[in-house]
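Please walk through the structure below, one part at a time.

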Amino acid sequence: MKTRVQSAKPSGIKALLLDLSGVLYEGDNRIPGADNTLQWLRDHGYVVRFVTNTATESHTQILHKLKGMGLDIQKPELFTAPQAAKNYLLAHGMTPYCILHPNLKEEFSDLCSGEPDCVLLGDAQDGLNYANLNQAFRLLEQGMPLFGIGKNKYFMNHDGLKLDAGAFLHALEWASGTEAVIMGKPDTHFFAEAVRSTGFEMHECLMVGDDVESDVQGAINAGLHASLVKTGKFKEMDLQKLPEQAHLIESIKALPDLLGS
C-alpha cells in the first residue's frame with residue numbers, strides 16, 4: 001500500500017465537530033484520552049459540538065451514557081440524526097411509517113401514529129425484519145418518500161462490527177427505485193446546522209470521525225476540515241478512500257497535536 005503523506009496541520013480552527021461512537025467511546029468503554037482531550041479543547045477556547053447518527057438511543061440516554069463515562073457534554077452541544085429527522089418531519093407536517101429502535105419510540109410517539117404519508121427508517125435492529133421492511137416497500141411503491149436516519153453501512157460495538165441501517169435503506173431504495181432523503185451525516189444540511197450553532201464558518205470547523213465516507217468525506221463536501229481516527233470501525237483499507245486534504249490521527253488523544261498546540 002502506498003504510504004500516505006500527511007496533510008499540513010489545519011489552521012484557523014475555532015470549533016470541533018466530534019463523532020461519538022468510535023471517537024469518544026467503543027461500545028460501553030471510553031476511548032483512552034477522550035476525557036483529557038475534551039478538557040484540553042475547552043481550556044483552549046474551542047467550541048465543541050457532538051454529532052452522531054446513533055439511532056438506538058434517545059437524546060437523554062446518550063447524554064446519560066456519556067456522563068457515566070466521565071465525559072462532560074451539555075444538551076445543546078449534542079446533535080443527533082434522529083433529532084434532525086423529527087424536526088424536519090414536524091416542520092413539514094408529515095406522518096411517517098416508522099421502523100425505529102424501541103429506545104426512540106417515545107420520542108417519536110407524536111409522529112408515528114395515524115395514516116402514514118412517508119417512511120422513516122433508522123437502526124431498529126430486530127425491527128428491521130421482513131414484515132416491517134416489506135410494509136415500507138409497499139408504501140414506497142405507492143409513491144411515498146423515504147427518509148433515513150443516517151446511511152452508515154456498519155458500526156463498531158462492544159462485540160464487534162454490526163450492520164447499520166444504511167444496508168437496509170439501500171435495499172429499499174434499490175427495490176422501489178426511490179432515493180432516500182438522509183437526516184444525518186453525510187448530509188450537508190446536517191453539517192450546516194451543527195456548524196451554524198457554533199457561530200463560526202464552515203472553514204473554521206474540523207470534523208473528527210471514524211467513518212471515512214460519512215464523517216470525513218461528508219464534512220469535506222460540506223466545506224469543513226476533517227480528520228479520520230484509527231479507532232472505532234477504522235480499517236486499513238479506509239486509507240485508500242481518504243481524501244488527500246483530510247487528516248489522519250491515531251485516536252482522539254492525538255487531537256491537540258493535530259491542532260498545533
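In this predicted model, Cys-118 has a relative accessibility of 0%, so this residue counts as buried. Cys-118 takes part in no disulfide. The nearest cysteine sulfur belongs to Cys-98 and is 7.6 Å away, whereas a disulfide requires two cysteine sulfur atoms within 2.5 Å.

Cys-98 has another partner. Its sulfur atom and that of Cys-112 are 1.7 Å apart, and the two residues form a disulfide. The count for the model comes to 1 disulfide. The pair links distant parts of the chain: Cys-98 belongs to strand S6, while Cys-112 sits in the loop between S6 and S7, 14 residues apart. The torsion about the S-S bond is about -70°, so the disulfide is left-handed.

Four strands form an open sheet in the order S6-S7-S8-S11, and their pairing is parallel. Strands S6 (96-99) and S11 (181-182) stand at the edges with a single partner strand each, so one side of each has no neighbour in the sheet. Inside this order, strand S7 (residues 118-121) pairs with strand S8 (residues 146-148) in the parallel sense over 3 bridges. Leu-120 stands opposite Phe-147 in S8.

Two helices lie across this sheet. Helix H3 (residues 81-91) lies across S6, S7 and S8 and runs at about 170° to S7. Helix H5 (residues 165-176) lies across S7, S8 and S11, at about 165° to S8.

Another part of the chain to follow is strand S12 (residues 205-209). Are its residues buried or exposed? Of its 5 residues, 5 are buried, so the strand is largely enclosed by the rest of the structure. Cys-205, Met-207 and Gly-209 point one way from S12, and Leu-206 and Val-208 point the other way. For Cys-205 the relative accessibility is 0%.

S12 pairs with strand S1 (residues 15-18) in the parallel sense over 4 bridges, and Ala-15 stands opposite Cys-205. S12 is also joined by 4 bridges to strand S13 (residues 225-229), and these two strands run parallel. Here Met-207 stands opposite Ala-226 in S13. To get from S12 to S13, the chain passes through helix H7 (residues 212-222), making a β-α-β crossover that is right-handed.

Methods: Residues numbered from 1 in each chain as written. Predicted model: local features only at pLDDT ≥ 70, side-chain atom pairs only at ≥ 80, totals over all residues. Heavy atoms only, no water. Pairing = 2+ DSSP bridges. Contact = heavy atoms within 4.5 Å. Axes fitted to C-alpha atoms, helices over the stretch in contact; angles between N-to-C directions. Buried < 20%, exposed > 50% of the residue type's maximum accessible area, 1.4 Å probe, protein only. Right-handed = clockwise from strand over helix to strand, strands pointing away.
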